[in-house]
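Subject: Structure handover

Hello,

I am passing the structure below on to you. My notes on what was found in it follow.

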Amino acid sequence: MQQVLWVGIGCKRGTSWQLIDWAIEQIFRDNQLFQSAIAGIATIDTKASEVGLVELCNLRNLPLKTFSAQILRSVCVPNPAIITDHKVGTPSVAEAAAILAATKTPLLTASPFTSAEALGVRFLVPKQIFQPQGQTGAVTLAVAQASNIISH
């Protein structure tokens, strides 16, 4: 199976890899997607050393792509959040990171408000937040599919 799906993740500091893994399983089951199609995980650069994310990527043997808040904020997403913008400097982490990771063209700078379609990406699953009662941490997930067509 082609690995074309990128999972964008935003999480609270200290979120366990088990909670992230469980959230991915829920999203993929609910949307009838195959986990074997996951190409990698994407997030904001300030989460590059987040233990739960790093452990999950190691266990699943997946790459972790990170993007700066400046690049993330240039992507037009369906569900921007003011609180996220205040906390990390971009209105979207999970959705924007999934879209950017699925892009075939490397983005050094994106024009303001670039859409998934303009980047040749299919945005499959809008962000969903998982914060189970009695567990530490929270995770937000979104999924985008890389286009099989590479434009020149």
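Please keep in mind that this is a predicted model. The largest pocket has a volume of about 530 Å³. Its lining is made up of 22 residues, and those closest to the pocket centre are Gly-10, Cys-11, Thr-84, Lys-87 and Thr-140. Five elements each supply at least two residues of this lining: the strands β1 (5–11), β4 (121–130) and β5 (139–146), and the helices α4 (82–88) and α5 (94–101). The largest share comes from α4, with 4 residues. Sorted by class, the lining of the largest pocket has 11 nonpolar, 6 polar and 5 charged residues.

Next, the helix packing. Helix α1 (residues 17–30) packs against helix α2 (residues 51–60) at an angle of about 65 degrees, and their axes are 8 Å apart. The crossing of α1 past α2 is right-handed. On the α1 side the contact involves Trp-17, Ile-20, Asp-21, Ile-24 and Glu-25, which meet Gly-52, Leu-53, Glu-55, Leu-56, Leu-59 and Arg-60 of α2. By class, this contact has 6 nonpolar, 1 polar and 4 charged residues.

Last, the aromatic rings. How many aromatic pairs does the structure hold? There is 1 aromatic pair. It is formed by Trp-22 and Phe-130 in an edge-to-face arrangement, with 5.7 Å centre to centre and 85 degrees between the planes. Trp-22 is part of helix α1 and Phe-130 is part of strand β4, so the pair ties together parts that are 108 residues apart in sequence.

Regards

Notes: Residues numbered from 1 in each chain as written. Predicted model: local features only at pLDDT ≥ 70, side-chain atom pairs only at ≥ 80, totals over all residues. Heavy atoms only, no water. 1 Å grid on protein atoms, 1.4 Å probe; cavity = no way out; pocket = protein on both sides within 12 Å on 5 of 7 lines; lining within 4 Å. Points joined across faces, edges and corners; volume = space filled by probe spheres on them. Nonpolar A, V, L, I, M, F, W, Y, C, P; charged D, E, K, R; others polar. Axes fitted to C-alpha atoms, helices over the stretch in contact; angles between N-to-C directions. Left-handed = near helix turned anticlockwise from the far one by under 90°. Contact = heavy atoms within 4.5 Å. Phe/Tyr/Trp six-rings, centres within 6.5 Å; stacked < 30°, edge-to-face > 60°.
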